[in-house]
Amino acid sequence: MAATPPFLGYGLGLRSAYYSEILEQRPPVDWFEVVSENYLVGGGKALYFLDAIGEQYPLVMHGVSLSIGGPHPLDRDYLQQLKQLTERVNPAWVSDHLCWSRGNAHQLHDLLPLPYTEESLEHVASRVRQVQDVLQRPLVLENVSSYVRTADSTFTEWEFLTALTEATGCELLLDVNNVYVSAFNHGFEPWDFISALPLDRVRQLHLAGHSDYGNCLIDTHDQPVCDPVWQLYQRTLERFGPVTTLLERDDHFPPLAELLEELLKARTLAATVLGKESLCA
Amino acid sequence: MRLTEWQCQVEAYLLGAEAAPAADLLDSLRGGPTLNAEDGMLIYYNAYRSRFKEVLREDYAVLLAWLGEDEFEQLLDDYLHSTRSDHFSLRWLGARLPAFIEQSGDGALAELAKVEWAFTLAFDAPQGEPLTLQDMATLPAEAWPALRLGLLPSVQWLNCRHNSMALWRTIKNEQDVPASAPLDNPAVCLIWRLDLVTRFRLLEPSEAWALDGMVHQGWTFAQLCEELGAFVEAPPVQAATWLKQWISEGLLQREG
(Lines give C-alpha, C1' and ligand atoms only; values in the text may rest on other atoms or scores of the structure.)
Protein backbone atom coordinates (compact mmCIF):
# COMPACT_ATOMS: atom_id res chain seq x y z
CA MET A 1 0.00 0.00 0.00
CA ALA A 2 1.11 3.60 -0.62
CA ALA A 3 2.39 5.86 2.16
CA THR A 4 -0.11 8.01 4.07
CA PRO A 5 -1.29 10.81 1.77
CA PRO A 6 -0.78 14.42 2.84
CA PHE A 7 -3.18 17.15 3.90
CA LEU A 8 -3.91 18.85 0.58
CA GLY A 9 -5.75 21.94 1.79
CA TYR A 10 -8.84 23.35 0.09
CA GLY A 11 -9.87 22.26 -3.38
CA LEU A 12 -12.50 22.43 -6.09
CA GLY A 13 -14.02 19.84 -8.39
CA LEU A 14 -12.41 20.11 -11.83
CA ARG A 15 -15.20 20.83 -14.32
CA SER A 16 -14.89 21.56 -18.04
CA ALA A 17 -16.61 24.93 -17.62
CA TYR A 18 -13.47 26.18 -15.84
CA TYR A 19 -10.67 24.43 -17.77
CA SER A 20 -9.36 27.42 -19.69
CA GLU A 21 -9.74 29.86 -16.82
CA ILE A 22 -7.75 27.60 -14.51
CA LEU A 23 -4.85 27.38 -16.94
CA GLU A 24 -4.90 31.07 -17.77
CA GLN A 25 -5.38 32.46 -14.29
CA ARG A 26 -3.85 29.87 -11.97
CA PRO A 27 -6.53 30.49 -9.31
CA PRO A 28 -5.65 30.07 -5.62
CA VAL A 29 -6.95 26.52 -5.29
CA ASP A 30 -4.76 24.02 -3.42
CA TRP A 31 -5.85 20.99 -5.42
CA PHE A 32 -8.54 19.67 -7.76
CA GLU A 33 -10.76 16.61 -7.56
CA VAL A 34 -11.45 14.99 -10.93
CA VAL A 35 -14.41 12.75 -11.71
CA SER A 36 -12.58 9.64 -12.88
CA GLU A 37 -15.18 8.61 -15.48
CA ASN A 38 -14.80 11.91 -17.35
CA TYR A 39 -11.24 10.93 -18.17
CA LEU A 40 -11.72 7.26 -19.01
CA VAL A 41 -11.76 8.18 -22.68
CA GLY A 42 -9.32 7.67 -25.52
CA GLY A 43 -8.17 11.24 -26.02
CA GLY A 44 -9.25 14.78 -26.78
CA LYS A 45 -9.91 17.89 -24.78
CA ALA A 46 -10.64 16.32 -21.39
CA LEU A 47 -7.34 14.44 -21.24
CA TYR A 48 -5.43 17.44 -22.60
CA PHE A 49 -6.70 19.66 -19.80
CA LEU A 50 -6.28 16.91 -17.22
CA ASP A 51 -2.60 16.63 -18.08
CA ALA A 52 -2.06 20.39 -18.26
CA ILE A 53 -3.85 21.13 -14.97
CA GLY A 54 -2.24 18.11 -13.32
CA GLU A 55 1.17 19.65 -14.02
CA GLN A 56 0.22 22.65 -11.90
CA TYR A 57 -2.03 21.29 -9.15
CA PRO A 58 -2.28 18.14 -7.03
CA LEU A 59 -5.17 15.94 -8.13
CA VAL A 60 -7.48 13.44 -6.45
CA MET A 61 -9.57 10.94 -8.43
CA HIS A 62 -13.23 10.60 -7.47
CA GLY A 63 -15.32 7.92 -9.17
CA VAL A 64 -19.05 7.35 -9.46
CA SER A 65 -19.23 3.94 -11.15
CA LEU A 66 -17.40 1.47 -8.96
CA SER A 67 -20.66 0.07 -7.56
CA ILE A 68 -18.83 -1.29 -4.57
CA GLY A 69 -22.02 -2.72 -3.08
CA GLY A 70 -23.60 -3.91 -6.32
CA PRO A 71 -24.92 -7.41 -7.06
CA HIS A 72 -22.94 -7.73 -10.29
CA PRO A 73 -19.29 -8.86 -10.15
CA LEU A 74 -16.87 -5.92 -10.07
CA ASP A 75 -16.23 -4.56 -13.55
CA ARG A 76 -12.65 -5.66 -14.19
CA ASP A 77 -12.37 -3.60 -17.34
CA TYR A 78 -13.43 -0.49 -15.45
CA LEU A 79 -10.95 -1.24 -12.68
CA GLN A 80 -8.11 -1.68 -15.15
CA GLN A 81 -8.99 1.62 -16.82
CA LEU A 82 -9.10 3.25 -13.39
CA LYS A 83 -5.70 1.85 -12.57
CA GLN A 84 -4.28 3.14 -15.84
CA LEU A 85 -5.72 6.56 -15.06
CA THR A 86 -4.02 6.53 -11.65
CA GLU A 87 -0.75 5.94 -13.46
CA ARG A 88 -1.39 8.96 -15.65
CA VAL A 89 -2.74 11.27 -12.93
CA ASN A 90 -0.71 10.13 -9.91
CA PRO A 91 -3.58 11.17 -7.61
CA ALA A 92 -3.07 11.74 -3.90
CA TRP A 93 -5.85 9.16 -3.42
CA VAL A 94 -8.77 7.49 -5.20
CA SER A 95 -12.32 7.69 -3.92
CA ASP A 96 -15.80 6.46 -4.80
CA HIS A 97 -19.05 6.00 -2.87
CA LEU A 98 -20.47 3.50 -0.44
CA CYS A 99 -23.38 2.58 -2.67
CA TRP A 100 -24.35 0.52 -5.67
CA SER A 101 -24.83 1.98 -9.13
CA ARG A 102 -25.03 -1.11 -11.33
CA GLY A 103 -27.82 -3.65 -10.99
CA ASN A 104 -27.71 -7.33 -11.67
CA ALA A 105 -28.22 -6.75 -15.39
CA HIS A 106 -27.80 -3.08 -16.19
CA GLN A 107 -26.24 0.21 -15.19
CA LEU A 108 -28.50 2.38 -13.05
CA HIS A 109 -26.24 5.45 -12.96
CA ASP A 110 -27.16 6.51 -9.45
CA LEU A 111 -25.65 6.30 -5.98
CA LEU A 112 -28.11 3.85 -4.47
CA PRO A 113 -28.09 3.16 -0.72
CA LEU A 114 -27.34 -0.26 0.71
CA PRO A 115 -29.02 -2.13 3.52
CA TYR A 116 -26.64 -1.84 6.48
CA THR A 117 -26.50 -5.49 7.46
CA GLU A 118 -23.85 -8.11 8.20
CA GLU A 119 -24.48 -9.57 4.75
CA SER A 120 -23.83 -6.19 3.09
CA LEU A 121 -20.74 -5.61 5.20
CA GLU A 122 -19.24 -8.93 4.18
CA HIS A 123 -20.15 -8.32 0.53
CA VAL A 124 -18.76 -4.77 0.41
CA ALA A 125 -15.65 -5.59 2.44
CA SER A 126 -14.73 -8.40 0.09
CA ARG A 127 -15.09 -6.09 -2.91
CA VAL A 128 -13.14 -3.25 -1.25
CA ARG A 129 -10.27 -5.70 -0.75
CA GLN A 130 -10.42 -6.68 -4.44
CA VAL A 131 -10.33 -3.02 -5.50
CA GLN A 132 -7.46 -2.23 -3.16
CA ASP A 133 -5.55 -5.21 -4.53
CA VAL A 134 -5.92 -3.87 -8.07
CA LEU A 135 -5.23 -0.22 -7.26
CA GLN A 136 -2.54 -1.03 -4.71
CA ARG A 137 -3.72 1.72 -2.39
CA PRO A 138 -6.46 2.21 0.21
CA LEU A 139 -9.83 3.02 -1.31
CA VAL A 140 -11.54 6.11 0.06
CA LEU A 141 -15.33 5.77 0.30
CA GLU A 142 -17.89 8.55 0.58
CA ASN A 143 -21.20 8.48 2.42
CA VAL A 144 -24.05 9.18 -0.03
CA SER A 145 -27.21 11.24 0.33
CA SER A 146 -30.16 8.90 0.52
CA TYR A 147 -33.92 9.05 0.22
CA VAL A 148 -34.92 5.60 1.54
CA ARG A 149 -33.58 3.23 4.18
CA THR A 150 -34.11 -0.48 4.33
CA ALA A 151 -36.16 -1.94 7.15
CA ASP A 152 -33.71 -4.78 7.79
CA SER A 153 -30.65 -2.60 8.53
CA THR A 154 -28.95 -3.69 11.72
CA PHE A 155 -26.22 -1.02 11.61
CA THR A 156 -26.54 2.72 11.35
CA GLU A 157 -24.76 4.14 8.32
CA TRP A 158 -21.93 5.47 10.51
CA GLU A 159 -21.54 2.13 12.30
CA PHE A 160 -21.38 0.44 8.92
CA LEU A 161 -18.71 2.83 7.61
CA THR A 162 -16.68 2.37 10.76
CA ALA A 163 -16.92 -1.41 10.56
CA LEU A 164 -15.92 -1.28 6.91
CA THR A 165 -12.77 0.73 7.64
CA GLU A 166 -11.86 -1.75 10.39
CA ALA A 167 -12.45 -4.75 8.13
CA THR A 168 -10.61 -3.45 5.07
CA GLY A 169 -8.32 -0.54 5.97
CA CYS A 170 -10.25 1.68 3.59
CA GLU A 171 -10.59 5.37 4.40
CA LEU A 172 -13.53 7.74 4.43
CA LEU A 173 -14.58 10.73 2.43
CA LEU A 174 -17.02 12.42 4.77
CA ASP A 175 -19.53 14.47 2.78
CA VAL A 176 -20.88 16.87 5.36
CA ASN A 177 -23.73 17.95 3.11
CA ASN A 178 -24.74 14.34 2.47
CA VAL A 179 -24.90 13.72 6.20
CA TYR A 180 -27.13 16.76 6.58
CA VAL A 181 -29.39 15.72 3.68
CA SER A 182 -29.76 12.11 4.86
CA ALA A 183 -30.28 13.21 8.47
CA PHE A 184 -33.17 15.41 7.41
CA ASN A 185 -34.70 12.75 5.17
CA HIS A 186 -34.39 9.93 7.72
CA GLY A 187 -34.81 11.90 10.93
CA PHE A 188 -31.50 11.45 12.72
CA GLU A 189 -29.11 13.98 14.24
CA PRO A 190 -26.29 14.77 11.80
CA TRP A 191 -23.82 15.12 14.64
CA ASP A 192 -24.60 11.56 15.78
CA PHE A 193 -23.19 10.44 12.42
CA ILE A 194 -20.09 12.62 12.34
CA SER A 195 -19.17 12.28 16.01
CA ALA A 196 -19.18 8.49 15.77
CA LEU A 197 -16.68 8.17 12.91
CA PRO A 198 -13.15 7.09 13.78
CA LEU A 199 -10.79 10.06 14.10
CA ASP A 200 -7.99 8.55 12.05
CA ARG A 201 -9.92 7.31 9.02
CA VAL A 202 -11.39 10.48 7.50
CA ARG A 203 -9.16 11.32 4.57
CA GLN A 204 -11.26 14.07 2.99
CA LEU A 205 -14.36 16.21 3.41
CA HIS A 206 -16.93 17.33 0.84
CA LEU A 207 -18.99 20.48 1.03
CA ALA A 208 -21.85 21.12 -1.39
CA GLY A 209 -25.27 22.66 -1.76
CA HIS A 210 -28.60 20.85 -1.86
CA SER A 211 -32.21 21.65 -2.76
CA ASP A 212 -34.93 21.95 -0.13
CA TYR A 213 -38.30 20.59 -1.27
CA GLY A 214 -40.00 21.08 2.08
CA ASN A 215 -40.63 17.43 2.88
CA CYS A 216 -37.18 16.32 1.74
CA LEU A 217 -33.72 17.54 0.82
CA ILE A 218 -32.14 16.48 -2.46
CA ASP A 219 -28.40 16.47 -3.05
CA THR A 220 -28.23 18.60 -6.20
CA HIS A 221 -24.77 20.24 -5.98
CA ASP A 222 -26.19 23.22 -7.82
CA GLN A 223 -26.06 25.98 -5.25
CA PRO A 224 -23.92 27.37 -2.45
CA VAL A 225 -23.39 25.52 0.83
CA CYS A 226 -26.14 26.43 3.31
CA ASP A 227 -25.53 27.80 6.81
CA PRO A 228 -26.41 24.63 8.76
CA VAL A 229 -23.89 22.67 6.66
CA TRP A 230 -21.23 25.32 7.35
CA GLN A 231 -21.98 24.95 11.06
CA LEU A 232 -21.67 21.19 10.77
CA TYR A 233 -18.38 21.65 8.90
CA GLN A 234 -17.09 23.82 11.73
CA ARG A 235 -17.94 21.17 14.32
CA THR A 236 -16.35 18.54 12.08
CA LEU A 237 -13.09 20.50 11.99
CA GLU A 238 -13.23 20.99 15.74
CA ARG A 239 -13.42 17.22 16.15
CA PHE A 240 -11.07 16.01 13.40
CA GLY A 241 -8.58 18.87 13.04
CA PRO A 242 -7.42 19.89 9.55
CA VAL A 243 -8.92 17.62 6.91
CA THR A 244 -8.48 18.07 3.15
CA THR A 245 -11.66 19.80 2.02
CA LEU A 246 -13.41 20.00 -1.33
CA LEU A 247 -16.17 22.32 -2.48
CA GLU A 248 -18.38 20.51 -5.03
CA ARG A 249 -20.45 22.15 -7.75
CA ASP A 250 -21.97 20.09 -10.56
CA ASP A 251 -24.65 22.30 -12.06
CA HIS A 252 -25.67 25.97 -12.39
CA PHE A 253 -21.98 26.79 -12.62
CA PRO A 254 -21.29 30.29 -11.31
CA PRO A 255 -18.27 32.39 -12.34
CA LEU A 256 -15.12 30.80 -10.93
CA ALA A 257 -14.63 33.85 -8.71
CA GLU A 258 -17.82 32.95 -6.81
CA LEU A 259 -16.58 29.43 -6.11
CA LEU A 260 -13.22 30.81 -4.99
CA GLU A 261 -15.03 33.10 -2.59
CA GLU A 262 -16.98 30.16 -1.18
CA LEU A 263 -13.76 28.17 -0.88
CA LEU A 264 -12.22 31.09 0.98
CA LYS A 265 -15.07 30.78 3.45
CA ALA A 266 -13.97 27.22 4.19
CA ARG A 267 -10.36 28.34 4.64
CA THR A 268 -11.36 31.21 6.89
CA LEU A 269 -13.56 28.98 8.99
CA ALA A 270 -10.75 26.46 9.33
CA ALA A 271 -8.31 29.21 10.32
CA THR A 272 -10.76 30.42 12.96
CA VAL A 273 -11.29 26.95 14.37
CA LEU A 274 -7.79 25.54 14.02
CA GLY A 275 -5.39 28.42 13.62
CA LYS A 276 -3.42 29.57 10.61
CA GLU A 277 -1.44 26.34 10.21
CA SER A 278 -4.63 24.70 8.96
CA LEU A 279 -4.38 26.82 5.80
CA CYS A 280 -1.10 25.30 4.71
CA ALA A 281 -1.37 22.46 2.25
CA MET B 1 -34.71 -10.66 2.06
CA ARG B 2 -31.26 -11.41 0.64
CA LEU B 3 -29.21 -8.45 -0.52
CA THR B 4 -29.09 -9.53 -4.17
CA GLU B 5 -32.80 -10.26 -4.25
CA TRP B 6 -33.57 -6.80 -2.87
CA GLN B 7 -31.24 -5.15 -5.36
CA CYS B 8 -32.91 -7.00 -8.23
CA GLN B 9 -36.26 -5.67 -7.05
CA VAL B 10 -34.93 -2.12 -6.94
CA GLU B 11 -33.38 -2.52 -10.39
CA ALA B 12 -36.63 -3.85 -11.86
CA TYR B 13 -38.49 -0.92 -10.31
CA LEU B 14 -36.06 1.73 -11.58
CA LEU B 15 -36.10 0.35 -15.12
CA GLY B 16 -39.81 -0.48 -15.17
CA ALA B 17 -42.77 1.44 -16.54
CA GLU B 18 -44.59 1.73 -13.21
CA ALA B 19 -43.60 4.68 -11.03
CA ALA B 20 -45.30 3.27 -7.94
CA PRO B 21 -43.11 0.69 -6.17
CA ALA B 22 -44.52 -2.81 -5.69
CA ALA B 23 -45.88 -3.66 -2.24
CA ASP B 24 -43.06 -6.07 -1.32
CA LEU B 25 -40.41 -3.51 -2.26
CA LEU B 26 -42.18 -0.91 -0.15
CA ASP B 27 -42.34 -3.38 2.73
CA SER B 28 -38.55 -3.63 2.66
CA LEU B 29 -38.14 0.12 3.17
CA ARG B 30 -38.56 2.66 5.91
CA GLY B 31 -39.69 6.22 5.39
CA GLY B 32 -38.51 9.26 7.32
CA PRO B 33 -40.41 11.87 9.32
CA THR B 34 -41.63 13.76 6.26
CA LEU B 35 -40.39 11.72 3.30
CA ASN B 36 -42.20 8.41 3.00
CA ALA B 37 -40.61 5.40 1.34
CA GLU B 38 -42.77 5.61 -1.78
CA ASP B 39 -41.78 9.23 -2.46
CA GLY B 40 -38.19 8.38 -1.60
CA MET B 41 -38.11 5.66 -4.27
CA LEU B 42 -39.79 8.05 -6.70
CA ILE B 43 -36.81 10.41 -6.32
CA TYR B 44 -34.54 7.63 -7.62
CA TYR B 45 -37.06 6.65 -10.32
CA ASN B 46 -37.29 10.20 -11.64
CA ALA B 47 -33.54 10.82 -11.30
CA TYR B 48 -32.78 7.86 -13.60
CA ARG B 49 -35.05 9.28 -16.30
CA SER B 50 -33.94 12.89 -16.00
CA ARG B 51 -30.26 11.92 -15.99
CA PHE B 52 -30.79 9.74 -19.08
CA LYS B 53 -32.56 12.56 -20.92
CA GLU B 54 -30.14 15.27 -19.83
CA VAL B 55 -27.23 13.37 -21.32
CA LEU B 56 -29.04 12.80 -24.62
CA ARG B 57 -30.17 16.41 -24.85
CA GLU B 58 -26.51 17.41 -24.70
CA ASP B 59 -25.29 14.72 -27.09
CA TYR B 60 -28.09 15.35 -29.60
CA ALA B 61 -28.59 19.11 -29.38
CA VAL B 62 -28.90 19.43 -33.18
CA LEU B 63 -31.49 16.66 -33.31
CA LEU B 64 -33.40 18.44 -30.55
CA ALA B 65 -33.31 21.73 -32.47
CA TRP B 66 -34.42 19.98 -35.66
CA LEU B 67 -37.30 18.02 -34.12
CA GLY B 68 -38.46 20.57 -31.58
CA GLU B 69 -39.03 20.01 -27.88
CA ASP B 70 -42.16 17.83 -28.01
CA GLU B 71 -41.10 15.45 -30.74
CA PHE B 72 -37.59 15.07 -29.27
CA GLU B 73 -39.04 14.35 -25.82
CA GLN B 74 -41.27 11.66 -27.33
CA LEU B 75 -38.24 10.15 -29.10
CA LEU B 76 -36.33 10.07 -25.81
CA ASP B 77 -39.26 8.45 -24.00
CA ASP B 78 -39.45 5.74 -26.66
CA TYR B 79 -35.68 5.22 -26.59
CA LEU B 80 -35.61 5.11 -22.81
CA HIS B 81 -38.28 2.38 -22.78
CA SER B 82 -36.38 0.27 -25.30
CA THR B 83 -32.80 0.82 -24.13
CA ARG B 84 -30.76 -0.28 -21.15
CA SER B 85 -27.38 1.11 -20.25
CA ASP B 86 -24.58 -1.41 -20.13
CA HIS B 87 -21.57 0.89 -19.93
CA PHE B 88 -20.36 2.42 -16.69
CA SER B 89 -20.19 5.84 -18.31
CA LEU B 90 -23.25 7.89 -19.23
CA ARG B 91 -21.20 9.04 -22.21
CA TRP B 92 -22.32 5.94 -24.14
CA LEU B 93 -26.07 6.18 -23.48
CA GLY B 94 -26.72 7.68 -26.90
CA ALA B 95 -24.72 5.14 -28.90
CA ARG B 96 -27.76 3.19 -30.05
CA LEU B 97 -30.05 6.14 -30.80
CA PRO B 98 -29.23 6.34 -34.56
CA ALA B 99 -29.99 2.62 -34.99
CA PHE B 100 -33.14 3.01 -32.90
CA ILE B 101 -34.36 5.81 -35.18
CA GLU B 102 -33.43 3.79 -38.26
CA GLN B 103 -35.66 0.95 -37.09
CA SER B 104 -38.61 3.34 -37.24
CA GLY B 105 -37.89 3.79 -40.95
CA ASP B 106 -36.89 7.47 -40.89
CA GLY B 107 -33.60 7.22 -42.75
CA ALA B 108 -33.03 10.97 -42.99
CA LEU B 109 -33.47 11.51 -39.25
CA ALA B 110 -31.30 8.47 -38.48
CA GLU B 111 -28.58 9.92 -40.67
CA LEU B 112 -28.70 13.27 -38.85
CA ALA B 113 -28.38 11.34 -35.57
CA LYS B 114 -25.41 9.40 -36.98
CA VAL B 115 -23.73 12.65 -37.95
CA GLU B 116 -24.22 14.08 -34.48
CA TRP B 117 -22.99 10.91 -32.76
CA ALA B 118 -19.96 10.86 -35.08
CA PHE B 119 -18.95 14.24 -33.67
CA THR B 120 -19.05 12.84 -30.12
CA LEU B 121 -16.92 9.88 -31.24
CA ALA B 122 -14.38 12.16 -32.91
CA PHE B 123 -14.30 14.44 -29.86
CA ASP B 124 -12.72 11.98 -27.43
CA ALA B 125 -11.27 9.23 -29.61
CA PRO B 126 -7.65 8.17 -29.02
CA GLN B 127 -5.05 10.33 -30.67
CA GLY B 128 -3.35 7.55 -32.62
CA GLU B 129 -0.06 8.28 -34.34
CA PRO B 130 -0.73 10.96 -36.95
CA LEU B 131 1.42 10.76 -40.04
CA THR B 132 3.12 14.11 -40.72
CA LEU B 133 4.48 15.77 -43.82
CA GLN B 134 7.87 15.51 -42.15
CA ASP B 135 7.44 11.72 -41.94
CA MET B 136 6.73 11.67 -45.65
CA ALA B 137 9.69 13.91 -46.48
CA THR B 138 12.02 11.47 -44.79
CA LEU B 139 10.41 8.34 -46.22
CA PRO B 140 13.03 6.55 -48.38
CA ALA B 141 12.06 6.46 -52.06
CA GLU B 142 12.03 2.65 -52.05
CA ALA B 143 9.40 2.63 -49.27
CA TRP B 144 6.81 4.63 -51.21
CA PRO B 145 5.37 1.89 -53.45
CA ALA B 146 4.52 -0.39 -50.53
CA LEU B 147 3.21 2.41 -48.30
CA ARG B 148 -0.10 1.50 -46.63
CA LEU B 149 -2.27 3.98 -44.74
CA GLY B 150 -5.18 3.90 -42.31
CA LEU B 151 -7.50 6.45 -40.80
CA LEU B 152 -6.64 7.87 -37.39
CA PRO B 153 -8.97 6.67 -34.60
CA SER B 154 -10.93 9.92 -34.47
CA VAL B 155 -11.89 9.83 -38.16
CA GLN B 156 -15.54 8.90 -38.70
CA TRP B 157 -16.53 7.84 -42.22
CA LEU B 158 -20.17 8.52 -43.06
CA ASN B 159 -21.91 7.56 -46.27
CA CYS B 160 -24.56 10.28 -46.55
CA ARG B 161 -27.69 9.89 -48.66
CA HIS B 162 -29.38 13.02 -47.34
CA ASN B 163 -28.38 16.62 -46.78
CA SER B 164 -27.61 15.88 -43.11
CA MET B 165 -24.35 17.82 -43.09
CA ALA B 166 -26.09 20.94 -44.39
CA LEU B 167 -28.76 20.53 -41.70
CA TRP B 168 -26.16 20.01 -39.00
CA ARG B 169 -24.11 23.02 -40.11
CA THR B 170 -27.01 25.45 -40.41
CA ILE B 171 -28.56 24.40 -37.12
CA LYS B 172 -25.21 24.72 -35.36
CA ASN B 173 -24.66 28.16 -36.87
CA GLU B 174 -28.26 29.18 -36.13
CA GLN B 175 -28.83 29.95 -39.82
CA ASP B 176 -31.89 29.30 -41.95
CA VAL B 177 -32.22 25.54 -42.01
CA PRO B 178 -33.02 23.92 -45.37
CA ALA B 179 -35.65 21.21 -45.71
CA SER B 180 -34.43 17.67 -45.29
CA ALA B 181 -33.81 16.21 -48.74
CA PRO B 182 -32.03 13.28 -50.36
CA LEU B 183 -28.75 14.09 -52.10
CA ASP B 184 -28.63 13.71 -55.88
CA ASN B 185 -25.69 11.36 -55.35
CA PRO B 186 -24.61 9.73 -52.07
CA ALA B 187 -21.54 11.43 -50.61
CA VAL B 188 -18.84 10.53 -48.12
CA CYS B 189 -18.44 12.86 -45.17
CA LEU B 190 -15.48 12.70 -42.84
CA ILE B 191 -15.73 13.93 -39.24
CA TRP B 192 -12.54 14.00 -37.21
CA ARG B 193 -10.52 15.84 -34.59
CA LEU B 194 -7.39 17.88 -35.25
CA ASP B 195 -5.63 19.79 -32.46
CA LEU B 196 -8.61 19.25 -30.11
CA VAL B 197 -11.05 20.77 -32.60
CA THR B 198 -13.60 18.58 -34.41
CA ARG B 199 -13.82 19.11 -38.17
CA PHE B 200 -15.85 17.78 -41.07
CA ARG B 201 -15.61 17.68 -44.85
CA LEU B 202 -17.62 16.23 -47.70
CA LEU B 203 -15.38 14.45 -50.20
CA GLU B 204 -15.61 14.66 -53.96
CA PRO B 205 -16.52 11.21 -55.38
CA SER B 206 -13.10 10.61 -56.92
CA GLU B 207 -11.30 11.54 -53.71
CA ALA B 208 -13.65 9.37 -51.65
CA TRP B 209 -12.99 6.45 -54.01
CA ALA B 210 -9.23 6.90 -53.69
CA LEU B 211 -9.25 7.28 -49.92
CA ASP B 212 -11.58 4.30 -49.57
CA GLY B 213 -9.13 2.23 -51.59
CA MET B 214 -6.23 3.25 -49.38
CA VAL B 215 -7.81 2.99 -45.94
CA HIS B 216 -10.50 0.31 -46.43
CA GLN B 217 -9.34 -1.84 -49.35
CA GLY B 218 -5.72 -2.00 -48.28
CA TRP B 219 -4.24 -0.46 -51.42
CA THR B 220 -0.58 0.45 -51.32
CA PHE B 221 0.55 3.77 -52.74
CA ALA B 222 1.64 1.92 -55.88
CA GLN B 223 -1.84 0.37 -56.24
CA LEU B 224 -3.45 3.77 -55.84
CA CYS B 225 -1.32 5.09 -58.70
CA GLU B 226 -2.15 2.06 -60.78
CA GLU B 227 -5.92 2.44 -60.18
CA LEU B 228 -5.68 6.15 -60.97
CA GLY B 229 -3.95 5.40 -64.25
CA ALA B 230 -7.29 4.60 -65.85
CA PHE B 231 -8.61 8.09 -65.12
CA VAL B 232 -5.80 10.66 -64.98
CA GLU B 233 -2.71 11.45 -67.01
CA ALA B 234 -0.22 11.73 -64.15
CA PRO B 235 -1.38 9.32 -61.44
CA PRO B 236 1.56 9.87 -59.03
CA VAL B 237 0.98 13.63 -59.07
CA GLN B 238 -2.73 13.31 -58.26
CA ALA B 239 -2.03 10.63 -55.61
CA ALA B 240 0.65 12.77 -53.98
CA THR B 241 -1.64 15.82 -53.98
CA TRP B 242 -4.38 13.93 -52.18
CA LEU B 243 -1.91 12.32 -49.82
CA LYS B 244 -0.49 15.69 -48.86
CA GLN B 245 -3.97 17.05 -48.17
CA TRP B 246 -5.05 14.04 -46.08
CA ILE B 247 -1.88 14.21 -44.04
CA SER B 248 -2.15 17.99 -43.54
CA GLU B 249 -5.71 17.55 -42.32
CA GLY B 250 -4.64 14.97 -39.75
CA LEU B 251 -6.57 12.03 -41.18
CA LEU B 252 -3.95 9.34 -41.59
CA GLN B 253 -1.65 7.00 -39.79
CA ARG B 254 0.71 4.44 -41.19
CA GLU B 255 -0.43 0.82 -41.39
CA GLY B 256 1.73 -2.24 -41.44
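## Two domains in chain B

The C-alpha centres of domain 1 and domain 2 of chain B lie 40 Å apart. Domain 1 covers residues 1–105, and domain 2 covers 126–256. These bounds come from an automatic or database domain assignment.

This is a predicted model: local features need pLDDT of at least 70, side-chain atom pairs count only at pLDDT 80 or more, and totals for chains, interfaces and linings use all residues. Residues are numbered from 1 along each chain as its sequence is written, and chains are lettered from A in the order in which they are written.

## Helix α5 of chain A

Helix α5 of chain A runs over residues 157–168. Helices here are DSSP runs (H or I, at least four residues), and strands are E runs of at least two, numbered from the N terminus. At 1.5 Å times one less than its number of residues, the 12 residues of α5(A) should span 16 Å, which agrees with end C-alpha atoms 16 Å apart.

Its buried residues include W158(A), F160(A) and L161(A). Buried means that 20 or more other C-beta atoms, placed from the backbone, lie within 10 Å of the residue's own. Seen down the axis, the buried residues of α5(A) fall within an arc of 160° (taken from the directions from axis to C-beta atoms), so they line one face of the helix. Just after α5(A), G169(A) takes a positive phi of about 80°.

## Nonpolar cores

A nonpolar core is a set of buried Ala, Val, Leu, Ile, Met, Phe, Trp, Tyr and Cys residues joined through C-beta atoms within 7 Å. The largest has 89 residues. Helix α6 of chain A (residues 176–186) gives the most to this core, with 6 residues. Apart from it lies another core, of 48 residues, among them V62(B) and M214(B).

Conventions
A residue is buried if 20 or more other C-beta atoms lie within 10 Å of its own, exposed if 12 or fewer, and partly exposed in between; C-beta atoms are placed from the backbone.
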